[in-house]
Amino acid sequence: MRYLIIGGGIAGTTAAEVLRKSDASAEITIVDEEQHPLYSRVLLGHYLKGKVSRERVFLKPATWYQEHNIEWLPGVVAEQLDTRNKFVRISDQRELPYDKLLIASGTVPRPLEVDLRGVSYLRTIDDADHLLQLLSERGMDARMGIYGSGFIACEYLELFREMNLPITLAYRGDKFWSRALLPEAGELVNKVLVDGGVELHTRAELKDLIGEKELTGFVTPKGTHEVTLLGVGVGVIPDFSWLRDAGVELGSGVKTNQFLETNVPDVYAAGDVAEFEDVVLGRQLVLMNWQNAMSQGRHVARVMAGERVAFELVSSYSINIFGLECIFVGDTELAEADNVHLIGSLESGGITQVFERSERVVGGVMLNRNSDRVLITKAIKNKQPFSELTFVTE
Amino acid sequence: MPKIRVQVDPDLCIGAASCVTIAPETFQMNEENKAWVLDHGTEPGGSTYERWLEVTEDEMENIILGAQSCPTLAIFIFDEAGTQLFPDM
């Protein structure tokens, strides 16, 4: 059996590990755009802050692949998938045949249309190293800009705050996580940012960067903002260029059923790139979090090895902004909910949103209401309606 | 039954709760969104980030799986002799 895995992140590498455990003689190949063995992208924030050493970020040593007889091809990407003849052409022009193919190629940050030295994106350990280099060059007189209103913006906020650097934050909409938060919850996040000393500009789409060779500022409808470094986090996009003519059904991700199988036989998808049929939430969606990616990697390996069971998980993600604990569980898309119930208030400093669809709870956002997490996670698993839940309020 | 010491570093824990999903008998999120360590679902001696557990081989394997799933490697597991079982040194 020849297993070919496109993507060496947590989904792809976990799949390889599980496949090896179930089949000692299979050929397993990982095509990895990165030059580094597996590491935790979630740990990059801790690494940037100096909480953990660079070597502690790695989850596998470079020798792990060989020790497990896994062919690891770092620094190459897939360029074309031929599902009829069952091979993938990669960027060094080799054609890799497969019996079963896993697409676990993740996403890349959506880039700005403009670029200058001093602009930072944060996805890989190379990005983190680049950011540290910029920070050391800019010194303590640096003025930080952040553009975006999602998880990556939070990582920059936490880092720059830890370094006691002045922060200008701008984003296009009027609130953080605009697809998930109700206005009052958005106000709570904004209040925490402003109280934390951030110069906040909402409805401020980035129009241009300023600087000759090095960044000195950026322009929005709110004016010109002088910064020496700009952290950008305006969403991510999958690279579908190699899949375009392959006949694999694509949506906002690579579409799969509940078994993580695509519409093409022997082609599977897992992790951030997969738009999978979620049997708990009752719709097809992309969930981008560590827990989901790792669990799908483990699960899809079992399915590829012949154990055809549905993937089932209520996954979550959480992040902290200046002491405001933000937890997301399940399906938190406002547009996909019939009802979104709000518990708590701006005044109390804690808000929970409960997302309901077809008279059952499908998701929750908790801002400084950590203890609601268990209740909501259980309600999603048990497919309970909101009316059955009892929340504690002051 | 093997005896292991399970320890959560609250400074590294970000509340992703992967450990709770995999090993709910051993980990539970607290008010601060950090993971307490439980002994088979209970908390003898009160809430803590560290405790000795007597577990079966299967339980131990599952607890290690929970630790492996932690995106910030905030969970440490030691055997009776004090050797770190996870993360690999």
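Q: Which residue is the bridge partner of A:Leu81 in S5(A)?
A: A:Val88 is the bridge partner of A:Leu81. Keep in mind that this is a predicted model.

Q: How do S4(A) and S5 of chain A pair, and over how many bridges?
A: They pair in the antiparallel sense, over four bridges. S5 covers residues 87-90.

Q: What sheet is that part of? What's the strand order?
A: An open sheet of three strands in chain A, ordered S4-S5-S6, with antiparallel pairing.

Q: Which are the edge strands?
A: Strand S4 (78-82) and strand S6 (95-97) of chain A. Each pairs on one side only.

Q: How far are neighbouring strands turned against each other?
A: By 25° on average, direction ignored.

Q: Switching to helix H1 of chain A. What span should it have, and how far apart are its ends?
A: H1 runs over residues 10-22, so 13 residues at 1.5 Å a residue should span 18 Å. The end C-alpha atoms are 18 Å apart, which agrees.

Q: Which residues in H1(A) are buried?
A: A:Ile10, A:Ala11, A:Gly12, A:Thr13, A:Thr14, A:Ala15, A:Ala16 and A:Leu19.

Q: And what covers them?
A: The cover includes strands S1 (2-6), S2 (27-32), S3 (70-74) and S7 (100-103) of chain A. Helix H7 (290-304) is also part of the cover.

Q: How does H1(A) pack on H7(A)? What angle, what distance?
A: The angle is about 35°, and the axes are 7 Å apart. H1(A) passes H7(A) in a right-handed crossing.

Q: What's in that contact, by class?
A: The residues of the contact of H1(A) with H7(A) divide into 11 nonpolar, four polar and two charged. From H1(A), they include A:Val18 and A:Leu19. From H7(A), they include A:Trp290, A:Met294 and A:Arg298.

Q: New topic: A:Ile319. Where is it found?
A: In strand S22 of chain A, residues 316-321.

Q: Is A:Ile319 buried or exposed, and why?
A: Buried, because A:Ile319 has 22 C-beta neighbours inside 10 Å, and the cut-off is 20 or more.

Q: What does A:Ile319 touch, leaving out residues up to four places away in sequence?
A: A:Phe151, A:Cys154 and A:Cys326.

Q: How far is A:Ile319 from A:Glu155, in sequence and in space?
A: They are 164 residues apart in sequence and 8.4 Å apart in space, C-alpha to C-alpha.

Q: Last one, the contact between chains A and B. How many residues from each?
A: Chain B gives 16 residues and chain A gives 17. The side of chain B that touches chain A has seven nonpolar, six polar and three charged residues.

Notes. Residues numbered from 1 in each chain as written. Chains lettered and ligands numbered in written order. Predicted model: local features only at pLDDT ≥ 70, side-chain atom pairs only at ≥ 80, totals over all residues. Pairing = 2+ DSSP bridges. Helix = DSSP H or I, 4+ residues; strand = E, 2+ residues; numbered from the N terminus. Axes fitted to C-alpha atoms, helices over the stretch in contact; angles between N-to-C directions. Expected span 1.5 Å × (residues − 1). Buried ≥ 20, exposed ≤ 12 C-beta atoms within 10 Å, placed from the backbone. Contact = placed C-beta atoms within 7 Å. Left-handed = near helix turned anticlockwise from the far one by under 90°. Nonpolar A, V, L, I, M, F, W, Y, C, P; charged D, E, K, R; others polar.
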